[in-house]
Amino acid sequence: MANFILRKAEPNDVPDILRLIKELAKFEEMEEKVLLTEKDLLEDGFGDHPFYHCLVAEVPKEQSSEGYTVMAFAMYYFTYDPWIGKLLYLEDFFVMQEFRGLGIGSQILKVLSETAVKTRCSSMHFIVAENNTKSIEFYKRRGAADLSSEEGWRLYEIEKEDLLKMTSK
């Protein structure tokens with residue numbers, strides 16, 4: 001197990017959170033899709049009514065990679081399903097490549113599970129890219145079920161441009 005601290009993100013972590021979001025997007029070959037700024041993350045996650053919560057994992061300076069001590073994050077929020085009630089939705093979860101396999105991801109998932117149980121959530125939901133087989137196996141080893149194949153759900157999106165069109169009708 002690596003020597004690290006897992007803690008709730010603070011406003012001064014925003015640059016590192018955005019860096020890790022961009023690293024994850026690069027890993028998923030979707031780097032150009034990241035439109036968020038540090039200002040967005042700060043306003044949306046650290047105001048009176050945050051839209052998301054975030055955990056970060058941090059290593060001591062002597063173990064840092066390229067000068068970065070924050071080397072993992074998990075962004076989540078709570079939502080509600082009319083069939084089963086409260087859910088913890090894990091939006092993004094990323095551990096820098098050189099820190100994988102050291103138990104950091106497992107500890108993050110454990111803390112998220114504790115949070116879900118403590119807040120009386122019925123489950124934790126998330127999506128994983130089909131080609132990310134290592135993550136899929138990581139989650140399956142911990143009891144995750146693939147709802148897209150088991151229940152036949154499909155993920156849809158209505159982009160902002162289309163939302164605006166609907167509001168002007």
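Me: Which residue in S4 stands opposite threonine 79?

Reply: This model is predicted. S3 and S4 pair in the antiparallel sense, and within this pairing threonine 79 has as its opposite number in S4 leucine 87.

Me: How many residues lie between S3 and S4 in their hairpin?

Reply: The two strands span 70-81 for S3 and 85-95 for S4. They are joined over 10 bridges. The hairpin that S3 and S4 form leaves between them 3 residues.

Me: Which residue stands opposite phenylalanine 73 of S3?

Reply: S3 also runs antiparallel to S2, with 6 bridges joining the two. Phenylalanine 73, beyond its neighbours within four places in sequence, is in contact with residues including Ile17, Cys54, Val56 and Phe93. Of these contacts, the residue standing opposite phenylalanine 73 is valine 56.

Me: Which element gives the largest share of the largest nonpolar core?

Reply: This core has 38 residues, and Phe73 is among those with the most contacts inside it, as are Ile17, Met71, Phe93 and Ile104. Elements giving two or more residues to the core include helix H1, strand S2 and helix H3. The largest share is 7 residues, and it comes from S3.

Me: Is aspartate 16 buried or exposed?

Reply: Aspartate 16 is found in helix H1. Apart from its neighbours within four places in sequence, aspartate 16 is in contact with Tyr68 and Val70. The cut-off for burial is under 20% relative accessible area. Because its relative accessibility is 17%, aspartate 16 counts as buried.

Technical notes: Residues numbered from 1 in each chain as written. Predicted model: local features only at pLDDT ≥ 70, side-chain atom pairs only at ≥ 80, totals over all residues. Heavy atoms only, no water. Core = buried A, V, L, I, M, F, W, Y, C linked by side-chain atoms within 4.5 Å. Buried < 20%, exposed > 50% of the residue type's maximum accessible area, 1.4 Å probe, protein only. Helix = DSSP H or I, 4+ residues; strand = E, 2+ residues; numbered from the N terminus. Contact = heavy atoms within 4.5 Å. Pairing = 2+ DSSP bridges.
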